[in-house]
Amino acid sequence: MLRQVSHGPVTRIHMARTAFGRPLFTVNAYLVADVLVDTGCPATARELLEWCRRQSIRLVVNTHHHEDHSGANALLNRELGLPIQAPARSVPILAEFDHIPLYRRVVWGRPTPFTPGRLPDLVEAGPYRFECIAFPGHSEDLVCLWEPTEGWLFAGDLFIRERVRYLRADEDACGVIASLRRALELQPRVLFCAHAGMVVDACAAIERKIAYWERIADRARALQAEGHPEREITRRLLGPEGWMTTVSLGEFSKGNLIRSLLRSGR
Ligand SMILES: [Zn+2]
């Protein structure tokens with residue numbers, strides 16, 4: 001599935017693999033002037049390629065290596081000759097990116113290894129100038145694109161949504177909070193998020209997200225001090241684990257969020 005939504009000069013490309021006509025998880029890429037930010041997942045790579053054939057694109061950039069952000073890299077480069085750039089830390093991962101857990105292959109498809117160029121510190125897109133800023137936490141290589149004149153932050157997976165209750169095993173929740181605080185210092189006006197879409201009143205949304213996780217962290221620490229095990233703390237604060245925990249064999253779980261929030265202090 002691929003749908004396009006216009007937000008003034010920014011086009012959001014909304015993509016998902018479908019099962020029985022219904023989207024599984026959705027992800028957004030964005031076209032701003034002649035730069036495409038992220039390339040969706042491997043399962044929608046052909047649809048994105050056909051869409052891109054009708055656009056005027058000069059450059060493709062990735063915010064991080066995850067397969068729902070880099071899934072059409074190889075195809076867009078091979079079929080349209082488009083240059084692809086990714087954060088320096090993403091480059092070696094993308095070059096050998098073919099083994100991902102089964103649940104991610106089911107949701108997003110299987111990635112094709114491809115070696116992109118290195119994303120510079122500054123990217124020009126028509127009249128816009130983006131500063132490429134590292135915001136680690138969700139992944140170590142995450143870089144967001146910041147346009148200070150417009151107040152736009154193309155956030156990749158920095159935000160995702162306000163009330164995130166599931167975390168991947170390799171995510172660092174406290175790192176995400178620290179990165180969100182740094183993003184707040186920029187005073188963004190609009191977030192262009194890979195999952196939440198266009199988020200207006202960006203600062204208020206980021207503040208609510210930080211507050212939600214910090215409330216959970218405080219309560220988790222209090223329960224831990226009373227001697228409750230992590231599993232029980234998770235259940236009491238976030239409810240029982242869902243089907244994604246089972247399908248991912250625990251790689252994507254509520255327990256990961258509690259564990260990560262407890263691992264390091266604020
Ligand atoms: Zn991601």
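Start with contacts across the whole chain. Two residues are in contact if their C-beta atoms, placed from the backbone, lie within 7 Å. Among contacts between residues at least 6 apart in sequence, 62% join residues at least 24 apart.

The model is predicted: local features need pLDDT of at least 70, side-chain atom pairs count only at pLDDT 80 or more, and totals for chains, interfaces and linings use all residues. Numbering runs from 1 along each chain as its sequence is written.

**Whole protein.** Colour by secondary structure. You will find ten helices and 15 strands. These are DSSP runs, numbered from the N terminus: helices are H or I with at least four residues, strands E with at least two. The radius of gyration, taken over C-alpha atoms, is 18 Å, close to the 18 Å of the globule rule for 266 residues, so the protein is as compact as a globular protein of that length. That rule is 2.2 Å times the number of residues to the power 0.38. The C-alpha trace spans about 60 × 40 × 35 Å along its principal axes. Buried residues make up 39% of the 266. Buried means 20 or more other C-beta atoms within 10 Å of a residue's own; exposed means 12 or fewer; partly exposed lies in between.

**The sheet.** Select β1 to β7. They form an open sheet of seven strands, ordered β1-β2-β3-β4-β5-β6-β7, with mixed pairing. Strands pair if DSSP finds at least two bridges between them. The edge strands, β1 (2–7) and β7 (117–118), each pair on one side only. Zoom in on β1 and β2 (residues 10–19): they run antiparallel, joined by six bridges. Leu2 stands opposite Met15 in β2.

**Two loops.** Most residues other than glycine have a negative phi. Now select Ala33, in the loop between β3 (22–32) and β4 (35–37). Its phi is positive, about 50°. Ala33 is partly exposed, because it has 15 C-beta neighbours inside 10 Å. Jump to Ile160, in the loop between β11 (152–156) and β12 (167–168). Phi of Ile160 is also positive, near 70°. With 17 other C-beta atoms within 10 Å, Ile160 is partly exposed.

**A helix pair.** Finish with α8 (residues 230–238) and α10 (residues 254–263). Their axes come within 9 Å and cross at roughly 110°. That makes α8 roughly perpendicular to α10, a label for angles of 65 to 115 degrees. Axes are lines fitted to C-alpha atoms over the stretch in contact, and angles run from 0 to 180 degrees between N-to-C directions. Show side chains: in α8, the contact residues include Ile233 and Leu237; in α10, they include Ile258 and Arg259.

How values were computed
Parallel < 35°, antiparallel > 145°, perpendicular 65-115°, else oblique.
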